[in-house]
Structure formats: structure tokens, C-alpha cells
Amino acid sequence: MQTENNVAIAAETAEGGGELIPAKKPPKSFRINKEEIAGTALASIPLVGFLIFGLVPLVLALAMAFLNMRDFGFEGATWAGFDNFQKVFTDPTFWQAMGNTLVLGLSTFISQALALLIAYFLSKDIKGKKAFRMIYFIPYVCSVVAVTLMWKYMFNTNYGIINMMLGATGENAINWMGEPTYFYIAVIIMSVWSGMGYGIILYTAALTNVNRSMVEAATIDGAGAWKTFAHIVFPSISPTTFYLLVMGVIGALQSFAVTNVLAPDGGPNGVGITIVFYLYNRVFSYDGKLGEASVSAWILSFIIMLLTGAQFFVSKKWVSYD
């Protein structure tokens, strides 16, 4: 059909005394769109940042895990194979650091539960709720080192205000920084106090988006406060809960500053040594065992990826995005 149309057009052109001139395709435009260049440049900033500060260190850490490093450079490094892995996995301190991290990580769940409870009450019509939100959020934006030093003085055995409030003075004074159990409790209290504000803000925002009509309908049908919360309110805020849970677990596994400031030596019986603390010691305190530190970092990364993947898998059963 296309050929017949071309013949017809050629015949009409010949009858009119004209010549058949083949149609030319419009030239391709090679003009540079400045907006596309600017957009691509801005969008590539996070990618470039990840490549420089994320991917490259990961690759170097993987290489260092199989080498005996004498210093921070690769000069003089020798092949170690899986020796560094064997040293880490057979080191009792590493497994103790793993257990300490899990115990101290309980602060994440306590903080999240208290944040939800406080946010739920602050969503009610009470006076000064904006001031309360600001007060609860202040510790989150404060320096971790400054906050930890403040709590360290408060938990001091001889003149700390915590012991005075509990009436534990003199011979009955609690040695918060010297006994393993009390050290755990002190760190968890500090972590909950400083990290709860972020959850309160997010939960407060999530609670304002709960469908009030459904809550009122459930109340009219005779549902109690607990059933209303469990079947209507909690499913509505489950995405926020899931986000806080994922980020909280990752943050707990990477905890370091609090225990390092409280007890640079690792605390009583080493209960303050977390995984990152263990990694830090391997780099700066034990003749620069960078290979073992790299192995520790990769193990921590694998644990974070495994737990995060498990949380995403389980979230399909309880997180509602409707």
C-alpha cells in the first residue's frame, strides 16, 4: 500500500510538470538542555557520596580482611587468608561484645514503647502539650558526649543525685559504674531518655492522621479503649512503628559513644564493650589489627542486613499501608 501511494504521488508530480523530490528526515537535535544537566548533577550527588564514602570503604575493608596490615596503608601488607576470621570468631571478647550489644539494644524497644505511650497521651486535649513535645525532643538533639557526661555525674557513687534520690548513700551507695548489672541499667536509662524524643515526634504526627470516624464508630459499637487501639489506632500507625523499629535496631547495633564515654576501658568485666567498641579497640588499642577490625565490620554489616531483611519480611504480616 505504501508503494502504491508513492507511485500515485510520483504520477501526480509528473503530470504537474514537477520533479519527485524525496522527503528529507528532520535533523536530530543535539541542543543541550541545561535543566536536564542541572537535574542530573543534583541527583548524582547522593550516588557519588555513596560511591566515595560507602562502596569504596566496603571494598577496601573486604580486601583488608584477608591481609595482615602493619599500619593504615597497604604497604608491607601480607596475605593472611582466613586467619583474621579465625581470630575474631575464636575471640571470647568478640562474643561478649555481641552479647553486650544485644542486651543494651533492649533500650530500643523500651524507648519505642514509652514514646508511643507518651505520644498517645500528648495527642489528647491537654494544656501545654506543645511544650511537653519540645521538652521531650531536646535530649535527642543534644550532643551524645555532653548528655553522657551529665548522666555519668548523676550516677556517681559518692555524690550522684540518683543515689541521693534513691536514698542509697554511704555504705548502701549503688556503684552504677562499677557493677555489671547496674552498668547495664544505667546505659539503658540514658539511651531511653535521649532517644525517646524522636519517637514521640513521629508517633504524634502519625496519631493525628488516624481516621477519627472509625474510632468514633468503634466507640459507639461498644469497643473499649484497648480494642480500639489494637484494631484501629495501631494498624494506622504501624508504618511509623516499623520505621522506628528498623532504624532503632540498626542504631543499637552500632552503639559506641555512650559506653566509650562512660568507661573507656570497657566497663566492669567488659560489659561496656559493644561490637563497634570491639572494632575500635582492634584499630587503635591493639597494635593496629586492621584485618581483625575489618572482619568485625563485615560481620556487623552482615548482621544488620540479615536483621533488616527479616524485619521487612515479617512486616508484610503486621504493617498496614492502607
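How are α10 and α11 oriented to each other?

**Entry 1, ground rules.** I am working with a predicted model, in which local features need pLDDT of at least 70, side-chain atom pairs count only at pLDDT 80 or more, and totals for chains, interfaces and linings use all residues. Residues are numbered from 1 along each chain as its sequence is written, and side-chain values use heavy atoms, with hydrogens and water left out.

I looked up helix α10 (residues 212-220) and helix α11 (residues 225-253), whose axes come within 10 Å and cross at roughly 155°. Helices are DSSP runs of H or I with at least four residues, numbered from the N terminus. Axes are lines fitted to C-alpha atoms over the stretch in contact, with angles from 0 to 180 degrees between N-to-C directions. α10 and α11 are therefore roughly antiparallel to each other (the term covers angles over 145 degrees).

I listed the contact (heavy atoms within 4.5 Å): Met214, Val215 and Ala218 from α10, and Thr228, Ile232 and Val233 from α11. By class, I noted 5 nonpolar residues, 1 polar and no charged. Ala, Val, Leu, Ile, Met, Phe, Trp, Tyr, Cys and Pro count as nonpolar, Asp, Glu, Lys and Arg as charged, and the others, Gly among them, as polar.

I found Ser107 in helix α5 (residues 106-122). Ser107 is buried at 8% relative accessible area (buried means under 20%, with a 1.4 Å probe and protein chains only). Leaving out residues up to four places away in sequence, Ser107 touches Ile188, Ser191 and Val192.

Notes. Helices (H or I, at least four residues) and strands (E, at least two) are DSSP runs, numbered from the N terminus. Angles under 35 degrees count as roughly parallel, over 145 as roughly antiparallel, 65 to 115 as roughly perpendicular and the rest as oblique. Buried means under 20% relative accessible area, exposed over 50%, partly exposed in between (1.4 Å probe, protein chains only).
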